[in-house]
Amino acid sequence: MDKILFVAHTECDGSLGKASLEALAAAKALAGQLGAPFCVGIVGADVQAAADSVAGCGAEAFYGVAGPEFSQPRYATDCAALTALREASGAGIVIGAATPRLSRVLPGAAARAGGRSDTCVTALTVADGKPVVTRWYYRQLMFAELTR
């Protein structure tokens with residue numbers, strides 16, 4: 001089973017935002033339903049406080065990319081950081097919150113890995129041992145369930 005990597009960026013104060021914490025809960029639930037291991041990857045100026053705040057989440061490993069160049073959103077550094085986190089973890093599934101910073105960079109990082117990126121996902125479930133994402137279309141009047 002594919003390993004799941006949850007990725008997030010730190011806020012200005014070094015913490016993780018509410019959307020990131022919700023995405024972490026979704027990644028943990030999906031990993032539990034699939035019986036797959038999951039790990040956490042954090043990007044920011046200093047990731048220690050953010051990692052400490054979610055240390056009890058049950059992740060098998062924590063990865064971080066830190067430094068002053070990662071304090072502000074910038075496509076080049078963020079994409080390189082997410083690519084490095086995915087390679088270090090060996091994950092086949094990457095989950096992140098739809099923050100402006102990650103929404104801009106996750107598709108590029110997925111392309112570098114030869115993968116795909118799904119956006120506007122509203123639910124994660126498992127059917128027949130495969131992950132299923134629910135995505136809304138057309139002003140939330142239609143939805144689709146996608147698998148791989």
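This is a predicted model: local features need pLDDT of at least 70, side-chain atom pairs count only at pLDDT 80 or more; totals for chains, interfaces and linings use all residues.
Two residues are in contact when they have heavy atoms within 4.5 Å of each other. By that rule, Phe38 touches Ile4, Leu24, Lys28, Ala31, Cys57, Gly58, Ala59, Glu60 and Ala61, with residues up to four places away in sequence left out of the count. Phe38 also belongs to the largest nonpolar core, where it is among the residues with the most contacts inside the core.

**Overall fold**

- The protein contains four helices and seven strands.
- Their order along the sequence is β-α-β-α-β-α-β-α-β-β-β.
- The radius of gyration is 15 Å, close to the 15 Å that the globule rule gives for 148 residues, so the protein is as compact as a globular protein of that length.
- The C-alpha trace spans about 40 × 30 × 30 Å along the principal axes of the protein.
- Of the 148 residues, 41% are buried.
- Among contacts with a separation of 6 or more, 56% are between residues 24 or more positions apart.

**Nonpolar cores**

- The largest nonpolar core has 23 residues, and those with the most contacts inside it are Ile4, Phe6, Leu24, Phe38, Val40 and Ile42.
- Two or more residues of this core come from each of β1 (4-9), α1 (18-34), β2 (38-44), α2 (48-53) and β4 (93-96).
- The helix α1 gives the most to this core, with six residues.
- A second, separate core has 16 residues, including Val7, Cys39, Val65 and Leu102.

**The cavity**

- Rolling a probe the size of a water molecule over the atoms shows where empty space is left.
- How many cavities of 30 Å³ or more are there? The count comes to one.
- The volume of the largest cavity is about 40 Å³.
- Its lining is made of Ala8, His9, Val43, Asp78, Leu82, Arg101, Leu102 and Val105.
- β1, α3 (75-89) and α4 (100-112) are the elements that give two or more residues to this lining.
- The largest share, three residues, comes from α4.
- Sorted by class, the lining of this cavity has five nonpolar, one polar and two charged residues.

**The largest pocket**

- The largest pocket has a volume of about 1,100 Å³.
- It is lined by 40 residues, and the closest to its centre are Val94, Ile95, Arg116, Ser117 and Asp118.
- The elements that give two or more residues to its lining are β1, α1, α3, β4, α4, β5 (121-127) and β6 (130-137).
- Which element gives the most to the lining of the largest pocket? The helix α4 does, with six residues.
- The lining of the largest pocket divides into 26 nonpolar, nine polar and five charged residues.

**The second largest pocket**

- The volume of the second largest pocket is about 150 Å³.
- His9, Thr10, Glu11, Cys12, Gly14, Ala45, Asp46, Ser71, Gln72 and Arg101 line the second largest pocket.
- By class, this lining has two nonpolar, five polar and three charged residues.

How values were computed
Residues are numbered from 1 along each chain as its sequence is written. Side-chain values use heavy atoms; hydrogens and water are left out. A nonpolar core is a set of buried Ala, Val, Leu, Ile, Met, Phe, Trp, Tyr and Cys residues joined through side-chain atoms within 4.5 Å. Buried means under 20% relative accessible area, exposed over 50%, partly exposed in between (1.4 Å probe, protein chains only). On a 1 Å grid over the protein atoms alone, a cavity is a set of points where a 1.4 Å probe fits but cannot get out, and a pocket is an open set with protein on both sides within 12 Å along at least five of seven lines; lining residues have an atom within 4 Å of a point. Grid points are joined across faces, edges and corners, and a volume is the space filled by probe spheres set on the points. Ala, Val, Leu, Ile, Met, Phe, Trp, Tyr, Cys and Pro count as nonpolar, Asp, Glu, Lys and Arg as charged, and the others, Gly among them, as polar. The radius of gyration is taken over C-alpha atoms; the globule rule is 2.2 Å times the number of residues to the power 0.38.
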